[in-house]
Amino acid sequence: MSSARVDYIAPWWTYWLHNFPHINLRFQPIDNSFQPEEENYQQSLIFLACVAAAGLGLNLLCLAIYLSCLCCCHKDEEEESKKPNSCCVTWSAVIAGLITCIAVGVGFYGNSETNDGVYQLTYSLYNANHTLGGVDSLVTGTMGSMKSGLHQHLARLDEIFATRGDYVQTLQFMQQMADNVIKQLLGLPDWEEAKVDLASIADQTARVEYYRWLTYLLILILDLIICLLACLGLAKQSRWLLTTMMVFGVLTLVLSWTSLGADLATAVGTSDFCVSPDKFLLSQTKGVIGTDIVHYYLYCNQTLSNPFQQPLTIFQRSLTTMQIQIHGLLQFAVPLFPTAERDLLGIQHVLNSSEASLHQLTALLDCRGLNKDYLDAMVGVCYDGVEGVLYLCLFSSLASCAFTVMLCAIPRAWRQIACRERDYDDIDEEDPFNPRARRIEAQNPNLTNMHSFCSYSSSMGSQTSIHPPTVSNAPMSENMNQAALFGGNPRYENVPLIGRGSPPPSYSPSMRATYLSMTEEQIRHFGNDFQA
C-alpha cells in the first residue's frame, strides 16, 4: 500500500474506540480489524451490547434492593426526621430534572450530528453512483454506435466502392480502427455491479437512518415528558401519578441502557472502519476492479499514473485516424461515387459523437470527482457520524442516571404522602380546624351541623332557645373600670359572646375532657359551700 493519507486523517476518537477490547462470546480476544462478514468480529460487537445489558441488570438489581430495604423499614419517623427526608426528596427531584434536561439537550445534538453525517454519506454515495452510471452509459453507447451504426455504413460503402480497390482497403482499415476502439472500451472495468451496490447501500442506509432518527426523537420527547410529569406528581403529591411515572421510568431506564449498548457497538464498529477504510475497500473490490484503479481513486495524487490513460489515448488516436480517412474519402470519392456521400456523412457523425463521448468519459474517469465523493463520505461518517453516536451514548448514560435517581426518590415521596394522610386520619373529625373536616363541609354543605362542645354552630343554633343573659345596668364606663380593676382588658369583657356576634373558641378532645373535669369540680365545691 502506498504512503499515508494526506487528505483524510481519522479523528482521535476513532482511534480511542478502535482500541476497545474486542472479545467474542467465548471470551477470546480477536483482531480489531473491520471485518463485518466474520463471525468472531460480529460476536465482539454483540459482546459490547451484552456489557450494556449486564449494566442494565445490575442497575435494576440495585433498585430492587433499595426498594426492598425501603419497604421493610417500618419504623415511625418523628417530625424532626421528616424534614430532612422531605428535603432529600426535593433535592433528588431537582437533580434528576436537571440531569434529564442536560441529557435531552445532548441527545438532540447527537441525533442531529449523526443524521448530518449519514446524510453526507448517502449524498456522496449517490454522487459516486451517478458518476459510475455515467461512465457505464457512455461506454455502452459508444460501443453500440461503433458496432451497429458504423458497421452498417461501412458495409454499404464496401458495395459502392467495389470497383475501387484502394477505397475498399481504406474501408477495411477503418473497420480495424473501430474494432480497436471497441477492444479498448471492453478493457475498461465493468462499473455496473459497483453502481448497483452503491445505489442499494445508499437506499438502505437512508431508510435505516430515517427510522433511527425518528426513534431517538420519540425517546427524547418521552424522557422529557416523564420527567415533567414526575415533578408535577411530586408538587401535587399525587400518588397515582407518581406510581404511573415510576412504571414509565423503569421502561425508559430499559430503553436508555438498550440504546447505550446499540450505540456503543455501532461506534466501535464504525471506528474500526474509519481507522483503515482503504484496507476494507480493497478487500471488497478484489476480483471486480483492479488494485491500481482502486488506489488511483482512493489516493488521487501526482505520484500515481492514470490507469485509463493508455486505452483513452488509443481511443483518441483511432478516432483521429478514422476522421482523416473519412475526410479524404469525402474529398476524392464523392465526385466519383455521389451515392457514397450519405454513408460517409453518417460515419463522420458517428465519429464526432464518439469523440464527444470520449471527452466526457475522460472527465468522469478522472480521480478528482470520485475521490472527492469518497473523502466527503469518510468525513461524514467518521467525524459527524461517530461524534454524534458518542453524544448519543452520553445521552443514554445521563438518562439512565437521571431515571435511577428519580426511581429512588419517588417511593420515598410516595411514603411521605401516605404518612401525612395517616396523620390526618388521627385528628378528630369534629375539629373544625381539621383540613379533612373542612373538605367534608365544603363538599357536603347540606349535612347536619355537628353539635360539638362550645362550637360556633351550636351556639348560633341555640340563640333562639337560650335567653340572653341579664346585662348589668351599670354604665359602660363602670363596667370597664371594674374590668380594669380585676386586671382584665377594658374591652367589653362583660359582654356575652352571643350578643357580640363572634364564635367561641373550639377545643380539641383532650382540652374538652380537661374542661369538663374542672367544671364538675367547681360544681361540687359550689354545692358543698351552699350546704354549709
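Reader: Which residues are buried in α10?

Author: In α10, Asp343, Leu344, Gly346, Ile347, Val350, Leu351, Ser354, Ser357, Leu358, Leu361 and Leu365 are buried. Buried means under 20% relative accessible area, exposed over 50%, and partly exposed in between (1.4 Å probe, protein chains only).

Reader: Where do these numbers come from?

Author: This is a predicted model: local features need pLDDT of at least 70, side-chain atom pairs count only at pLDDT 80 or more, and totals for chains, interfaces and linings use all residues. Residues are numbered from 1 along each chain as its sequence is written, and side-chain values use heavy atoms, leaving out hydrogens and water.

Reader: Back to α10. What span should its 25 residues have?

Author: Helix α10 covers residues 341-365 and should span 36 Å at 1.5 Å a residue. The expected span is 1.5 Å times one less than the number of residues. The end C-alpha atoms are 36 Å apart, which agrees.

Reader: How many helices and strands are there in the protein?

Author: The protein has 16 helices and 0 strands. Helices (H or I, at least four residues) and strands (E, at least two) are DSSP runs, numbered from the N terminus.

Reader: How much of the protein is buried?

Author: Of its 532 residues, 36% count as buried.

Reader: New topic. Where is Val381?

Author: Val381 sits in helix α11, residues 367-425.

Reader: Why does Val381 count as buried?

Author: Because its relative accessibility is 15%.

Reader: What is Val381 in contact with, leaving aside neighbours within four places in sequence?

Author: Gly117, Leu121, Thr270, Cys274 and Val386. Contact means heavy atoms within 4.5 Å. Take Thr270: Val381 is 111 residues from Thr270 in sequence, yet their C-alpha atoms are 7.8 Å apart.

Reader: What about contacts in the protein with a separation of 6 or more?

Author: Residues 24 or more positions apart account for 80% of those.

Reader: And holes? Which residues line the largest cavity?

Author: Ala93, Ala96, Gly97, Cys227, Ala230, Cys231, Leu234 and Met406 line the largest cavity. The elements giving two or more residues to that lining are α3 (79-160) and α5 (192-236). On a 1 Å grid over the protein atoms alone, a cavity is a set of points where a 1.4 Å probe fits but cannot get out; lining residues have an atom within 4 Å of a point.

Reader: Which element gives the largest share of that lining?

Author: α5, with 4 residues.

Methods: On a 1 Å grid over the protein atoms alone, a cavity is a set of points where a 1.4 Å probe fits but cannot get out, and a pocket is an open set with protein on both sides within 12 Å along at least five of seven lines; lining residues have an atom within 4 Å of a point.
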